[in-house]
Amino acid sequence: MKRTGLAISILVFMLCAQSCRAFKMDTDGSYPTEHELHWLSSAIPVKYYIGETPPKDVALSDAVNAVTSAFQVWESVPSSFIAFDYKGTTTANPVAGTMDGKNLVRWVKESEWGERPANAIAYVWVFSSQVDGRILECDIDFADSCSWSTTGLTQTFDIQNVAANEVGKFIGLGSLNGFHDKEKTMYGSFSTQEIKKRTLDEDDEAGANHIYPVIEEPKLDHMPYYTRTGDYTVSWQGGSNTDYYELQESDTPIFIAPVSNTITLNSKVYSGKPEGNYFYQVRSHGDTEGNSEWCAGDSIFVDWTPPVGSILIDSGAEFINTVGAVLYFTCIETLSGIDTTVVSNLADFSISDTSFYSDTKAWVLESGSDGTRTVYVVFYDEAANTSVVYSDTIVVDRVQPSTVTFAPVPDWTDTNSVVLDWDDTLDTMAGLLRYAVLRSDSYSGPYSEIISCDTSACADTDVLDGQEWFYRIKAYDRAGNYSVSDPDSTFVDVAAPGIPVLTFPQDNAKINDATPLFTWSIADTGSPLTFRIEVSETISFPSLTYENTVTSQSCGLTEALAVYTTYYWRVFVWDVFRSGTVSATYSFSMDTYPPQVYIQSPENGSITNAAVAVCTGTIEDSSPVNTAVLYLNGAAQVININTGTFFETITFKKGFNEISVLVCDAYGNTGSSAVSIDCITVISGAIFPSSAETTVPSAYAEITVPSGAFSETVEIAIAGSPVYDSIAVANNAAAADRNLRLVTELGGTICEALAFRIIDGVFSCTQVLTGLFNKDLEIAVFYPVSQAILLAEDALRAYYLDTGTLRWVIVPGAQTVDKVRRCVSFNVNHLSIFRIMSLSFAAQDLTGVLVYPNPFTPSSAVGGKLKFTKLTAKAVIRIYTVSGELVYTIDKAGDPTDRAEWDGKNTAGENAANGLYYYVITTEGSAEKKIGKFVVRK
């Protein structure tokens with residue numbers, strides 16, 4: 001080991017001779033061969049410490065930053081792998097020129113400067129080996145007696161400026177002293193305030209690159225994955241700064257125990273390598289201790305053994321029923337691995353299929369008639385070694401065996417075991433394999449396999465009772481072909497029939513049918529059933545009134561049984577195999593005569609003005625009466641029956657009333673009787689055709705009958721406030737129909753007027769005179785004062801009930817409002833139900849006229865009319881065709897209402913044709929005019 005004091009006591013005012021070299025190397029001084037000083041690559045990054053005592057007037061942290069920056073400027077040299085590792089500050093202060101195991105940068109007091117030149121500002125101690133020049137330890141001492149700074153102050157030395165020069169010596173460079181080297185960091189002289197040496201010159205960087213060059217990593221040339229010989233070459237592309245290469249070989253990709261070779265060339269030839277996998281990696285070594293990283297590895301597999309395998313068609317089956325098969329391969333290849341499979345139907349492989357290896361492959365056998373087929377195969381491994389040819393054979397048989405013919409199966413089976421028998425099946429090529437017995441609970445299936453056998457007979461045991469079972473036989477040959485027989489079936493009936501349950505007549509029943517239909521039910525799902533019904537007048541059935549054998553669960557008598565007689569009946573049953581249990585015995589009796597009902601009061605056709613009456617009558621029946629109900633106008637009330645008579649108080653409604661009594665006896669026979677009564681307010685005396693003018697007054701209406709109005713003798717009846725469903729319907733229609741434009745309906749104005757015929761001196765409400773009279777009758781309908789004062793009496797009009805449409809229709813013709821008597825008078829030639837309604841007032845002008853519906857369809861419009869509303873009292877409406885022809889004229893003539901209607905007919909009474917029409921509305925005494933158009937559509 002050599003101890004060398006470098007930096008040659010760099011003086012502040014030292015003048016050096018010009019150097020002719022770009023950089024200068026320091027050496028170990030060995031004789032006769034000197035070695036360039038350098039750090040081994042194993043020591044890089046080089047560790048160093050900085051003393052804890054900084055120079056005066058400089059903070060320790062500033063001094064540390066300046067020194068570490070100087071080291072960093074050398075570490076940043078491109079293409080150089082020198083690097084440093086600052087380990088922090090230290091209190092160590094060894095004697096100058098001695099090794100203590102640490103690379104130390106420090107400031108030394110003047111008293112400790114020792115034998116170093118007194119005028120030097122820094123000194124570098126390099127401890128190196130005289131064997132190869134490698135640096136073992138290096139210390140940098142700064143003179144504490146100098147003035148230092150980190151900012152380039154006057155009269156001070158810059159720490160980073162001086163330290164950058166000393167770090168150059170730290171890594172093995174020498175000082176320069178040539179005239180042209182003054183601008184370089186390694187120039188061996190310094191000045192105060194100087195900072196230019198903080199950065200390196202190109203020659204300074206060249207020196208670092210020379211000692212610690214970055215060595216380029218080589219790149220292996222691509223090698224084939226496999227080779228069938230042990231002879232091959234590993235080659236690579238070299239890198240710069242390479243002195244020699246290190247090639248490693250391993251049997252694993254992680255190079256656990258590699259074999260290394262040192263090579264100066266860019267390749268290595270191998271021969272005779274045994275089978276196996278070989279992995280290679282290489283790296284470069286420089287002319288110093290430096291080396292590159294290992295390059296990305298590559299490998300080659302030496303394999304000269306061909307694969308060994310086999311082939312089976314359909315897992316080695318002997319027969320197949322299609323040319324579509326599945327090939328099963330087995331191949332053993334332990335080295336490079338299996339690559340491809342070549343398959344052919346021909347031994348010479350002139351037509352073949354090549355694919356990556358798989359354990360199975362779908363394959364189409366050679367076409368042609370049925371017979372033996374052979375498939376050939378060879379295997380290739382990854383190293384392109386080829387196996388021998390392997391093959392397998394199979395027989396193609398696509399003909400199904402002959403179809404089974406069943407021996408007849410009985411229609412019914414009385415055990416839980418069904419015996420099946422059939423003829424033997426023929427198959428000439430593959431031969432019969434087995435029979436499959438299929439079963440279903442319906443003819444169309446589905447069928448499930450229940451038995452597999454190799455004989456032509458078997459038994460289906462433990463079959464469910466009460467079910468028809470269908471069987472088919474499926475015959476398979478050894479190639480998988482099959483035929484299926486036609487279905488045959490049997491009905492399994494193991495249990496005896498159930499007990500018949502009698503349903504009609506029920507036990508102790510009372511019936512009103514002399515030839516009843518006897519019915520029963522039975523729980524049985526076996527073979528067909530036969531029944532015998534017995535009817536007797538004695539419970540022990542010593543003799544039979546009636547007996548019959550049937551296959552259905554009912555039986556109707558053809559001869560009538562005797563009335564008021566008790567009968568007994570029962571049913572026997574048996575199926576195809578056995579008899580069942582007889583049913584229970586039921587009894588019944590019969591009465592076919594209905595009750596006789598007589599309503600004695602009131603008499604049919606009665607006309608009364610009394611609201612309450614007593615309904616009386618009698619009931620005659622040989623059997624007890626169960627119920628009796630009296631119906632008054634559809635409303636029911638149960639009536640009490642006492643010794644065959646009844647007395648019930650009833651309340652009539654005004655108008656027509658209907659009374660009926662319905663009686664039901666214990667046998668279900670019914671009888672009834674009905675009468676009609678008219679409850680009126682007043683009734684006139686007899687009016688003959690020759691009678692003088694007659695007035696019939698009441699609080700609701702007054703009717704004046706002129707002489708000769710009727711052709712026969714009648715009496716006029718008036719009923720106030722009658723109650724009928726038809727009136728309610730008409731009221732609802734009036735309230736819901738906006739086209740009627742009703743303001744209000746006067747309560748208490750509804751009345752009914754009827755004319756009853758007098759026949760043989762008797763009149764009856766059932767004898768109503770219908771049709772038209774000889775002369776008009778004058779009718780005045782009164783309205784209450786309390787309601788009239790709220791309305792415009794001039795707008796009151798009388799309406800009649802149209803029983804066909806169930807609507808209120810205004811009485812046609814002139815009507816007179818008598819404000820003194822408070823009535824509306826009009827003339828009619830028929831009688832009906834009347835009432836008074838108040839319409840809306842006529843409009844003052846024509847500005848708001850409405851005409852609807854538009855289009856106008858007479859068959860569907862309300863009332864079959866086109867409506868004009870919001871008219872004046874004296875409006876005149878004229879309807880024209882498009883060509884200007886007048887179709888119809890409507891003159892309201894002082895009508896106080898605001899409405900008018902057109903029925904779609906022209907003046908000749910003919911229906912107007914489809915098309916567009918115009919209306920022109922005027923008002924008498926006014927120049928105002930309203931014109932519009934509408935469409936008629938049928």
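Colleague: A salt bridge is a side-chain nitrogen of Lys or Arg within 4 Å of a carboxyl oxygen of Asp or Glu. How many salt bridges does a search of the whole structure find?

Modeller: The search finds 25 salt bridges. This is a predicted model, in which local features need pLDDT of at least 70 and side-chain atom pairs count only at pLDDT 80 or more, while totals for chains, interfaces and linings use all residues. Residues are numbered from 1 along each chain as its sequence is written, and side-chain values use heavy atoms, with hydrogens and water left out.

Colleague: Which residue meets arginine 478 in a salt bridge?

Modeller: The partner of arginine 478 is glutamate 318, with 2.5 Å from N to O. Arginine 478 lies in the loop between S30 and S31, and glutamate 318 in the loop between strand S17 (308–313) and strand S18 (319–320), so the pair ties together parts that are 160 residues apart in sequence. The labels follow DSSP runs, numbered from the N terminus: helices are H or I with at least four residues, and strands are E with at least two.

Colleague: Is glutamate 318 buried or partly exposed?

Modeller: Glutamate 318 is partly exposed, at 46% relative accessibility. Arginine 478 is partly exposed as well, at 41%. Buried means under 20% relative accessible area, exposed means over 50%, and partly exposed is in between (1.4 Å probe, protein chains only).

Colleague: What about glutamate 246; which residue does it form a salt bridge with?

Modeller: Glutamate 246 pairs with arginine 283, and their closest N and O atoms are 3.0 Å apart. Glutamate 246 belongs to strand S12 (residues 244–250) and arginine 283 to strand S15 (residues 276–285), so the pair ties together parts that are 37 residues apart in sequence. Glutamate 246 is buried, with a relative accessible area of 14%, and arginine 283 is buried at 19%.

Colleague: And which residue meets aspartate 370?

Modeller: Aspartate 370 and arginine 398 meet in a salt bridge, at 2.8 Å from N to O. Aspartate 370 lies in the loop between strand S22 (360–364) and strand S23 (371–381), and arginine 398 in the loop between strand S24 (390–396) and strand S25 (412–413), so the pair ties together parts that are 28 residues apart in sequence. Aspartate 370 is partly exposed, at 24%, as is arginine 398, at 38%.

Colleague: Which residues are linked in a network of salt bridges?

Modeller: Glu183, Glu194, Lys196 and Lys197 are linked in such a network.

Colleague: Let us turn to asparagine 481. Where does it lie?

Modeller: Asparagine 481 is in the loop between strand S30 (467–477) and strand S31 (482–484). At 8% relative accessibility, asparagine 481 counts as buried. Among the residues that asparagine 481 touches, leaving out those up to four places away in sequence, are Asn321, Arg398, Val399 and Tyr476. Contact here means heavy atoms within 4.5 Å.

Colleague: What lies 3.4 Å from a polar atom of its side chain?

Modeller: The backbone oxygen of valine 399 lies at that distance from the asparagine 481 side chain. A polar contact is a pair of N or O atoms within 3.5 Å; within protein, one must be able to donate a hydrogen and the other to accept it, and residues adjacent in sequence count only if both atoms are side-chain atoms.

Colleague: Now helix H3. Which of its residues are buried?

Modeller: In H3 (residues 202–211), the buried residues are Asp204, Gly207, Ala208 and Ile211. They cover an arc of only 95° around the axis, which puts them on the same side of H3. The arc is that of the directions from the helix axis to the C-beta atoms. Their cover includes helix H1 (60–75).

Colleague: Which residue caps the N-terminal end of H3?

Modeller: Aspartate 201 caps that end of H3, with a side-chain oxygen 2.9 Å from the backbone nitrogen of aspartate 203.

Colleague: And the surface: which residues form a nonpolar patch?

Modeller: Val882, Leu916, Tyr918, Ile931 and Val935 form the nonpolar patch, with about 400 Å² of accessible area together. Strand S67 (915–923) and strand S68 (929–936) each supply at least two of its residues. Leucine 916, in strand S67, is partly exposed, at 33%. Patches are made of residues with over 30% relative accessible area and no salt bridge; nonpolar side chains (Val, Leu, Ile, Met, Phe, Trp, Tyr) are joined within 5 Å, and like charges within 9 Å. Areas come from the Shrake-Rupley method with a 1.4 Å probe, and for residues only the protein chains shown count as cover.

Colleague: Last one: what does proline 855 touch?

Modeller: Proline 855 touches Val935 and Arg937, not counting residues up to four places away in sequence. Proline 855 is found in the loop between strand S62 (850–852) and strand S63 (866–869).
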